[in-house]
Amino acid sequence: MSTQATFDIQRIRADFPLLARTVHGKPLVYFDNANTSQKPQAVIEAVDRHYREHNANVSRAVHLLGEEATASYEGARDALARFIHAPSRNEVVLTSGTTQAANLVAYSFALPRLRAGDAILTTTMEHHANIVPWQLVAARAGATVKAAPIDERGELIVEKFVELLTPEVKLACVTHVSNVLGTVNPIRELARACRERGIPLFVDGSQAMPHRPVDVRALGCDFYALTGHKMLAPTGTGALWAKKEHLDAMPPFFGGGEMIREVRFSGTTFAEPPHRFEAGTPNIAGFAGVGAAIAYVEALGFDALRAHEHALLDHATAQLREIPGLRIFGEAGDKEPVISFLVEGAQATDLATLLDLEGVAVRSGHHCAHPLMQFYGVPATLRASLAFYNTHEEVDAFVAALLKVRRLLR
Ligand code: PLP
């Protein structure tokens with residue numbers, strides 16, 4: 001069956017109001033999806049409905065509105081647990097995103113286990129969210145953070161990663177999908193190697209969730225962090241999935257309301273996970289949108305979504321390869337629809353600024369991945385990151401605009 005038959009792209013685009021707007025008088029081509037995705041009407045309406053009809057705080061009220069808000073918030077946990085095949089909803093901690101999830105693991109799991117001379121292993125292709133939290137806790141403990149190398153194609157050198165899993169490594173931290181290169185890391189293989197050595201594995205799933213089904217049991221990792229706003233949900237939403245045994249052993253990170261059992265000046269006892277890690281009022285309206293975002297993706301189905309995205313990736317890559325002087329960063333065998341590139345003789349930021357005037361939104365910069373930029377010896381790249389609601393015509397418009405603005409810069 002062709003993608004066209006199963007995937008009505010115009011109907012899908014009609015679900016995303018923002019895609020219909022113009023910028024600088026041109027139709028918008030939104031290719032900054034790795035930064036944040038656009039939101040379908042169903043998500044916007046879920047947030048709107050929350051404030052219009054259900055707004056109250058969670059878990060604190062016996063009145064109906066409080067019950068409704070709590071049901072919606074806890075419903076998002078159920079939806080996320082189902083979506084990532086978590087063995088239990090109680091293993092899903094709701095967070096503001098991947099950054100908060102990583103910091104929670106850093107301070108609550110890693111720090112108490114780190115001793116002077118220990119190490120945390122990560123890789124050269126990580127987002128700063130999967131580097132800096134580990135550095136902060138390593139510094140406190142007198143431990144270090146080391147990075148497994150990648151090759152020129154932007155693939156992790158798995159043998160080196162495994163070699164670096166030495167006894168002083170107390171935690172390994174790897175991205176599922178690179179936000180710059182699109183590279184998909186072989187998490188099952190890495191998790192097996194970590195398991196054999198008794199080293200827990202934290203996976204940054206921020207860029208994987210919008211593009212591929214995730215089954216945390218099948219992956220075999222210990223922790224999986226995800227970002228709601230990159231998969232159609234509102235900003236300020238995300239989650240940490242962790243094995244029950246880890247969550248049970250983790251002390252609280254943030255203290256405050258919601259996370260306690262009993263507070264006395266002689267000592268406080270804490271709630272069971274996941275609530276132990278959810279101090280304060282959460283992003284209740286945002287999580288109403290998470291439920292709607294997951295329902296949207298589930299209705300669409302990952303098979304159709306992936307077929308379309310990969311057709312777009314192939315179409316864009318083939319055209320960019322034809323452009324003399326254009327260098328693509330990230331040519332992994334298994335990659336998601338993210339294309340980083342540079343054009344000889346033009347600054348990334350200049351190109352991105354001129355592309356914006358043509359209606360094309362791409363990101364330029366270091367993409368929160370300084371070590372990766374250093375590896376390639378460049379300060380920045382341009383990044384076109386695609387989503388299932390993009391079209392072949394938008395790819396053509398982007399390539400035409402790129403050729404036009406490159407001429408202007410010569
Ligand atoms: N990890 C990766 C690979 C990312 O691309 C991002 C965001 O760009 C993050 C982590 C940070 O995620 P969040 O915005 O949920 O904190």
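In which loop is histidine 24 found? Histidine 24 sits in the loop between β1 (22–23) and β2 (26–27); helices here are DSSP runs of H or I with at least four residues, strands are runs of E with at least two, and both are numbered from the N terminus.

A quick word on the model: it is predicted, with local features needing pLDDT of at least 70 and side-chain atom pairs counting only at pLDDT 80 or more, while totals for chains, interfaces and linings use all residues. Residues are numbered from 1 along each chain as its sequence is written, and side-chain values use heavy atoms, leaving out hydrogens and water.

Most residues other than glycine have a negative phi, and most peptide bonds are trans.

| Residue | Phi |
|---|---|
| Histidine 24 | about 50° |
| Histidine 85 | about 60° |
| Glycine 301 | near 90° |

Histidine 85 belongs to the loop between α4 (64–83) and β4 (92–95). Histidine 85 is partly exposed, with a relative accessible area of 33%; buried means under 20%, exposed over 50% and partly exposed in between, using a 1.4 Å probe and protein chains only. There's a cis peptide bond too, joining proline 273 and proline 274 with omega about 5°. Proline 274 lies in the loop between β12 (267–270) and α11.

Helix α11 (residues 284–300) has 17 residues, so it should span 24 Å at 1.5 Å a residue, and its end C-alpha atoms agree at 25 Å apart. That expected span is 1.5 Å times one less than the number of residues. Because 13 of its 17 residues are buried, α11 is largely enclosed by the rest of the structure. Glycine 301 follows α11.

Next up is helix α12 (residues 302–321), which packs against α15 (residues 392–408) at about 25°, axes 10 Å apart. Those axes are lines fitted to C-alpha atoms over the stretch in contact, with angles running from 0 to 180 degrees between N-to-C directions. The pair is therefore roughly parallel, a label for angles under 35 degrees. Residues of α12 including His308, Leu312 and His315 meet residues of α15 including Val395, Phe398 and Leu402, where contact means heavy atoms within 4.5 Å.

Leucine 313 is also in α12, and it is buried at 4% relative accessible area. Beyond residues up to four places away in sequence, leucine 313 touches Lys335, Glu336, Pro337, Val338, Ile339 and Leu386. The C-alpha atoms of leucine 313 and leucine 386 are 7.5 Å apart, although 73 residues separate the two along the chain.

Methods: Angles under 35 degrees count as roughly parallel, over 145 as roughly antiparallel, 65 to 115 as roughly perpendicular and the rest as oblique.
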